[in-house]
Amino acid sequence: MKVLVISASPNIDGLTAACAASALEGVHLSGEIAEEARLNDLDIGNCQACGNGWGTCYNDHLCQVEDDFQALHARCLAVDALILVTPVYWGEVAEAAKAFLDRLRRCEATRRAESGLKGKPVIAIAAAGGSGNGSITCLASMERWIEHVQARKFDFIAINRWTRPVKIELIRQSAQLMVQVIKEGTHAG
Ligand SMILES: Cc1cc2nc3c(=O)[nH]c(=O)nc-3n(C[C@H](O)[C@H](O)[C@H](O)COP(=O)(O)O)c2cc1C
């Protein structure tokens, strides 16, 4: 089994990075493979809204804007589960996450019941700053994304500087639990 952790912070030692490390550890503790894709290390631009609003995403379910998107799209389809970790920027997911998730949604939501992410468990994590404002709206936008691509909502975790010690541990446990649930096959019901 393989789980892909997708993180969206430019900081390699910030809160998002700590969340991603904890998620990876949880999967590893379960004896399974976990990989991280750091979006800020990749070249993934915004959706170009090709044509009259739809490009090849609509019929071919592939993005025609060529950059690092295609390889990460393929990795998302190949894994058993996803863990999305983003800093909260303006009450939303960070720009790097928005760019990637928008394009992935176009390619997979248009497949409807044939979505390559259908039924795939997802843990969504919003890492907020001092105010903690916007954690819920950030998680809500990830929830809509999960619904659009017909993935499965496994967990939603908001973390900030106050809750950090508890939530870092919770992320590890949630990742472990997700692996266990996938192994049991009970996530599919
Ligand atoms: C452009 C920008 C917008 C932000 N907006 C919010 C916000 O709406 N709410 C919040 O709690 N923190 C906000 N923050 C703070 C980050 O969410 C916070 O610092 C987070 O921990 C960053 O993760 P990092 O440590 O991985 O960089 C913002 C930070 C930036 C750079």
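The lining of the largest pocket divides by class into four nonpolar, one polar and five charged residues, where Ala, Val, Leu, Ile, Met, Phe, Trp, Tyr, Cys and Pro count as nonpolar, Asp, Glu, Lys and Arg as charged, and the others, Gly among them, as polar. This is a predicted model, in which local features need pLDDT of at least 70 and side-chain atom pairs count only at pLDDT 80 or more, while totals for chains, interfaces and linings use all residues. Residues are numbered from 1 along each chain as its sequence is written, and side-chain values use heavy atoms, with hydrogens and water left out.

**Largest pocket**

- The volume of the largest pocket is about 150 Å³, a volume being the space filled by probe spheres set on grid points that are joined across faces, edges and corners.
- A pocket is an open set of points on a 1 Å grid over the protein atoms alone, with protein on both sides within 12 Å along at least five of seven lines, whereas a cavity is a set of points where a 1.4 Å probe fits but cannot get out; lining residues have an atom within 4 Å of a point.
- Its lining is made up of Glu92, Val93, Lys98, Leu101, Asp102, Arg105, Ser141, Met142, Arg144 and Trp145, and the elements giving two or more residues to it are strand E4 (92-93), H4 and H5.
- Helices (H or I, at least four residues) and strands (E, at least two) are DSSP runs, numbered from the N terminus.

**Cavities**

- By class, the lining of the largest cavity has seven nonpolar, five polar and two charged residues.
- The second largest cavity, with about 40 Å³ of space, is lined by Ile6, Ala8, Leu39, Leu84, Val85, Thr86, Ala97, Leu101 and Met142.
- Strand E3 gives the largest share of the lining of the second largest cavity, three residues, and this lining divides into eight nonpolar, one polar and no charged residues.

- In soluble globular proteins, nonpolar side chains tend to be buried together.
- Phe100 is in contact (heavy atoms within 4.5 Å) with Ile6, Leu39, Ile44, Phe69, Leu72, His73 and Cys76, not counting residues up to four places away in sequence.

**Aromatic pairs**

- The structure holds two aromatic pairs, in which rings of Phe, Tyr and Trp (its six-membered ring) have their centres within 6.5 Å, and planes under 30 degrees apart count as stacked, over 60 as edge-to-face and the rest as tilted.
- One of them is the tilted pair of Trp54 and Tyr58, 5.0 Å centre to centre with 50 degrees between the planes.
- Trp54 counts as partly exposed because its relative accessibility is 41%, and Tyr58, at 38%, is also partly exposed; buried means under 20% relative accessible area, exposed over 50%, and partly exposed in between (1.4 Å probe, protein chains only).
- The rings of Phe69 and Phe100 have centres 5.5 Å apart and planes at 50 degrees, so this pair is tilted.
- This pair links distant parts of the chain, since Phe69 in helix H3 and Phe100 in helix H4 are 31 residues apart, and both residues are buried.

**Two individual residues**

- Ala175, in helix H6 (residues 164-184), counts as buried because its relative accessibility is 0%.
- Leaving out residues up to four places away in sequence, Ala175 touches Ala23, Gly26, Val27, Ile83 and Ile123.
- Asp80 lies in the loop between H3 and E3 and is partly exposed, with a relative accessible area of 33%.
- Beyond its neighbours within four places in sequence, Asp80 is in contact with Met1, Lys2, Lys120, Pro121 and Ile182.
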